[in-house]
Each structure stands twice: as structure tokens, then as C-alpha cells.
Amino acid sequence: MKRTNSRSGFLAIAASSLVVLSMAGSVQAENSGSVVAAVFPGSWEDAYRTVVAPIVTEAGFDITISPVLAQDQVGKMMASGGKPPYDALLVSPGQTAMLKAAGLIEEIDPSKLKNWDLLIDSAKTPYGPSVTVEVNGIAYNPETVPKPTGYADLFANPAFEGRVAWIGFGSNTATMAWTEIAKINGGGADNMQPVFDLLAKNLNKIGAIATSGNAQMTMYQQGEIDVFMASTGNVARLRSLGLPADFAHPKTGSPAVPVTIHMAKGASDPDAVYAYMDAAISTTVQAQLAEAPTGYIPTNSQVPFTDIILQFVTPEQLDNAVFPDWETIGIHRAEWTAEFDRVVAK
Amino acid sequence: MQKTTGTIFAAPMLMMMLLFFLAPLGVLAVFSVLGPDGEVSLANYRTFLADDFAVGVLFDTILLGAKVVATVTLLGLPIALLYWHSGPGLRGLILIATLLPMLTSNVVRTFAWIVILGRNGPISQSLVELGLSSRPISLLFTETGLVMALTQIELPLLVLPLIAVLSQADRRLIDASEVLGAGRWRSFLTVLLPMLTPAIFAGWVLVFASATTSYVTQSVIGGARLIYMPRFVYREVGILFQWPMAAAISFLLLISTGIVMLGLTMLARHRRLAAYA
């Protein structure tokens, strides 16, 4: 009996060791010549999986597209303790500032990107190339509501009562809209109190307060809401699904935000990350992503604005876009998030 | 000797528990008592408990769990009894209908509820068609809608233990009760219900734990205005990056739901209740 026990024990230990060793082996294999790229879920994920990933594979690297919201990328990077879960990050300036401050991304060597010189100047940042500029404004259903003239109209015009969805400060798109609304009402990037007062006064007129941009898109599809704060890309996506959707530029200016790829500090294979960055800014990829359904504004100077982009934004409108003060926003974002929850909670 | 062999076979599971549950829980506990400068303090717990809004969120979360337990019981008990009284064909159908939702992802089920609860969904349209409402209504982002969705999602957690007990139950006990003069309700309350009590408590524990921690359903169906503890934790981790505070909130949720579940378990093991089983 004793021998049987020893044998069972030995087999259990041997089997456990084999499992652990095989797991370690597979992790090691994944990290060799490969890049784990964090990408926003939804249309970004689809586009990067189908358009960018094949080019990286052609260049001889494995790529894993991991759908994660910008703010979650920062959270996971901060929790990683020097072993980043992603090799490449895709974020907006709000998150870039946080990642830089925490020392979680590193400066890149542009000489390793053969498409670097094709970028417009504003897309060349020391921490990586910007792959598009998202222009934000108001998405609305032209069949059910009039075209909004601006943010103030959404609160003042009875036609929008119960039809507009908003989200909190966890979202970049919402944060930009709230900052503009604060300015209209006498506040700004360092004073959000007018927004909270406005919200408290109008809570019963608001259609919905969702938890994410994707939730808003779903609600729009279901006819639950007719208006929400969105990028031109969101509207292009809704149109590609056959839904009536239009984009309104607020009269105070459309907030714009570059979207940039960063290299995580401690990336397992920097060459793979460079191959990924190079693919994302290449003429082939940017030309394809500038078409429907994505309609991303190109940062590659050789790619013209396509018809789908020109339906929403012209180069002149882009020149007049509002670029928010992300450093100031970053300082206050946490307190605004907490206060927003208190104001809107039922 | 048999006991020793059993321990060896249970060792991998115990090891998994230790490595992937107890050890992270220990780390979380340490995190929760870390102050801003890395010193050990209960400041995070004090901050949370001194905040009326935060305590309100904790209370709402427990209340949500209680509401879902109540509705699941009201719906699940008749389904289980129907199963018991049915022939093989209907039994199979009930079992498939109960199990089928469990085979789909919680996320998919939750998104299906968006369609059902929405302004253009079947509930709203039925109310308008029946003349019970003059215009389409949306149950999305309401607590009623959330309780409905969670009830359907958690229903199998109560129905399956009930079916398991009823499958073993001796029908002659009910016959004997009726022969001795008890009415149907009395037979149910004095014979059947005591037999089902352990299964009901087991189901309640599962439903309560699952409903109070169901982040996806709470967020998607409840929206941003109904705030429960899981989203509160997510906010501290993912947006505010206040991990010690998030750990403290997680522990408070664990303790609160743990107390409720412990109470239910103790009740289930109570001498008088357990004696019937």
C-alpha cells in the first residue's frame, strides 16, 4: 500500500511538473519574435486584426491583438510590476501623460521606422507615431431629431429631451465634451463645477447615462437613444451597419485627439513593436483604414482624405479643432469621476 | 489508509486553491491596509465607512442580491415543482430550458436583455398593444430591468439544486400526508418544503453571491446611474488607480456578502431545518 501511495505521489508531482514546464514553454514561445498589441475594442480591434496584423505577420513577427480600453491599458500597465502585459499600447494624450509620468513607456528610435518620414509633423512624437486624429462631436439620428447646433443645444432644446446619452469621465470622448460644456458655462479644464450643476439640474431630461462608448453604440442601434458624444469613426461605423447617423460639429469647435502607439517599457521584442508601428503608419494600411467602415483620418501624408472622411470633416475643420489640455485634465480626472458618480447616482 | 490516498488526490485542488485564491486574497488583504505612504493603517476602511454615498452603494448591492434571491425563488420553486410532477418529455424540456442559458456566455445573455428591455422590445410593445401604456417604455437602466435580467441569468443556480433534491424525493410522503387529511398547501408546507430547505438555502447562497458580483450585467443593464460595489471597485482600480482603496472595498464586499452567506449556511444547517432533509 505504501508503494502505491509513493507511486501516486510521484505521478501527481511528475504530472504537475510537466504541466508547469509546458506552460512556461508556451509563454516563452509566445514572447519570442512577437508583439502583444493593446487596441481599443470594437471597430479598432476589427480593423487592426484584419488590416494591420497580416502586414506584421508578413514582416516575420507574430502579433496578438488584445482589445482593451485606453484607461484599462494604463491600469493593467500600472499593475504589472515591471512585466508589461502588452508590448505596444494604443492610447490618447490623456493616457500618454499618465504612462509617461509612471515611466511605463519609452522613447522610440524613429530610424527603425521606414515609414516615419511619411508622417505629418504633428504625428511624430518622441514616444511613438500617431496613427490617426479622432475628431469628436455629436452623433445624431437625422430621422428622429434635428441637427444639434452644439452642446448647449442638447440641454436647451426640448427636441432632445430623453434622447441624449452621456458617459462619465472614464471616457476620453466624454471628458472632451464635458470640458467644452464647462467652458460654455463659465468653467474649464480646471473647473468642472458648472457641468455638475448643469447635470444635477437636467438629470430627468437625459435619455441615459451609460458606462462606456460601446454601450452607447449598442443603445443607438436599438433605438434607445438618438444622440451621443462620438468620434467621426463611430458615426462611420453606424452608417456601415445601415443605420441613419450624422455627425454634428459643435459651434464651439470639435475636440480632436490624436491616437498614438507607444512601446511599453520592457517590451519583449522591440523589433516586433517597430514592425507593428511601421505597419500601422504605412501607406497601405492608412489608405485602407481611411475608407469605410472605419474612415480614420490618416496621419500618413501620402494618404488623402477619403469621401467617407470628407462627409464628416474637412482639412479646414481639422485645422480649427480644439485640442484639450490633457495635463490639467489628468490632474482633476479622478475627482471629477468620483463627483460625476455622486451627481448621477439614483 | 484510504484517508491518506484521498488527501493525495485532493492535493492538486488544495494547491490550486492556495496558489490562485488564498495567496491573491492575502495580497489583497495586505494592500487594503496600506496607507498613502506605505504604512499599515485602516484608513481605507475608515474612509469608505465614513462616506454615506459609499455605504449607500454597499447597502444597495446587498439589497439587489436580496431582491434577486426573492424573485428567483418565486419563479424557480414552481418550475422545480412542475418538473417533479411532469412526465419524461416535459422534464427533458424543462431541464434543457434551464441548462441552455448556462451554455451561453453571460455577456451574450446580458446583451439579449438589452433588446428585451428596450423601448422597441417585446415587453414595451406588449404593454402598448394591451393598452397598459400610452407610449413605449424602456426598462433599461432601471432596477426593475436589472432584477429581471439577473433573475433569468441566476435562475438555474436555484432550479438545479431543487431538481436534484426532488429527483430523490419519495412521492409517497405527499400521498401519506394527504391520506392523513392534510390539504395541498399543508402538504407542501409541512412535507415538501422542509425537504427542499437545504437545496433552497444552497441555491440562495449561489444566487446571492452571483447577483451581487455580476459586474457585466449590472453595468450593461443598470447603466451608470445604478452604482453597485463591483463597479465601485472597478472605478478605483481602472480609473482612479487607488488600489489600496479598491482592495479595502473588495474586502468589505467580501465580508458583507460573506456574512449573509454564512447566515444562510448556518440556517441551512440548523438542527430543526436540517432534520427534515
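B:Gln152 counts as partly exposed because it has 17 C-beta neighbours inside 10 Å. On this scale a residue is buried if 20 or more other C-beta atoms lie within 10 Å of its own, exposed if 12 or fewer, and partly exposed in between, with C-beta atoms placed from the backbone. This is a predicted model, in which local features need pLDDT of at least 70 and side-chain atom pairs count only at pLDDT 80 or more, while totals for chains, interfaces and linings use all residues. Residues are numbered from 1 along each chain as its sequence is written, and chains are lettered from A and ligands numbered from 1 in the order in which they are written.

To place that residue, look at helix H7 (residues 143-168) of chain B, where B:Gln152 sits. Helices (H or I, at least four residues) and strands (E, at least two) are DSSP runs, numbered from the N terminus. The C-alpha atom of B:Gln152 is 9.8 Å from that of B:Thr110, 42 residues away along the chain.

**Chain A as a whole**

Chain A holds 14 helices and 11 strands. Its C-alpha trace spans about 80 × 55 × 40 Å along the principal axes. Of its 346 residues, 47% are buried. Two residues are in contact if their C-beta atoms, placed from the backbone, lie within 7 Å. Among the contacts in chain A with a separation of 6 or more, 74% join residues 24 or more positions apart.

Two packed helices are described by the angle between their axes and the distance between the axes. Here the axes are lines fitted to C-alpha atoms, for helices over the stretch in contact, and angles run from 0 to 180 degrees between N-to-C directions.

| Helix pair | Axis distance | Angle |
|---|---|---|
| H2(A) and H10(A) | within 9 Å | roughly 135° |
| H3(B) and H9(B) | within 8 Å | roughly 135° |
| H3(A) and H11(B) | 8 Å | about 75° |

Angles under 35 degrees count as roughly parallel, over 145 as roughly antiparallel, 65 to 115 as roughly perpendicular and the rest as oblique. H2(A) and H10(A) are therefore oblique to each other, and so are H3(B) and H9(B). H3(A) and H11(B), in turn, are roughly perpendicular to each other.

Between H3(A) and H11(B), the contact brings A:Gln71, A:Asp72 and A:Gly75 together with B:Val237, B:Gly238 and B:Ile239. By class, these are 2 nonpolar, 3 polar and 1 charged. Ala, Val, Leu, Ile, Met, Phe, Trp, Tyr, Cys and Pro count as nonpolar, Asp, Glu, Lys and Arg as charged, and the others, Gly among them, as polar.

Inside chain A, the residues A:Val52, A:Ile55 and A:Val56 of H2(A) meet A:Ala275, A:Tyr276, A:Ala279 and A:Ala280 of H10(A). That contact has 7 nonpolar residues, with no polar and no charged ones. From this group, A:Ala279 counts as buried, because it has 23 C-beta neighbours inside 10 Å. Beyond its neighbours within four places in sequence, A:Ala279 is in contact with A:Val52, A:Ile55, A:Val56, A:Ala59 and A:Val285.

Inside chain B, H3(B) contributes B:Thr61, B:Ile62, B:Leu64, B:Gly65, B:Val68, B:Val69 and B:Val72, which meet B:Trp204, B:Val207, B:Phe208, B:Ala211 and B:Thr212 in H9(B). This contact is made of 9 nonpolar, 3 polar and no charged residues.

**Where the chains touch**

The contact between the chains takes 29 residues from chain A and 28 from chain B. On the chain B side, helices H1, H5, H10 and H11 each give two or more residues. The largest share, 5 residues, comes from H1(B). Sorted by class, the chain B side has 17 nonpolar, 8 polar and 3 charged residues.

**Backbone details worth a look**

Most residues other than glycine have a negative phi, and most peptide bonds are trans. B:Phe141, though not a glycine, has a positive phi of about 65°. B:Phe141 lies in the loop between H6 and H7 of chain B and counts as buried because it has 25 C-beta neighbours inside 10 Å. B:Phe241 also has a positive phi, near 55°, and is found in the loop between H11 and H12 of chain B. With 17 C-beta neighbours inside 10 Å, B:Phe241 counts as partly exposed. In chain A, a cis peptide bond joins A:Ala292 and A:Pro293, with omega about 5°. A:Pro293 lies in the loop between H11 and H12 of chain A.
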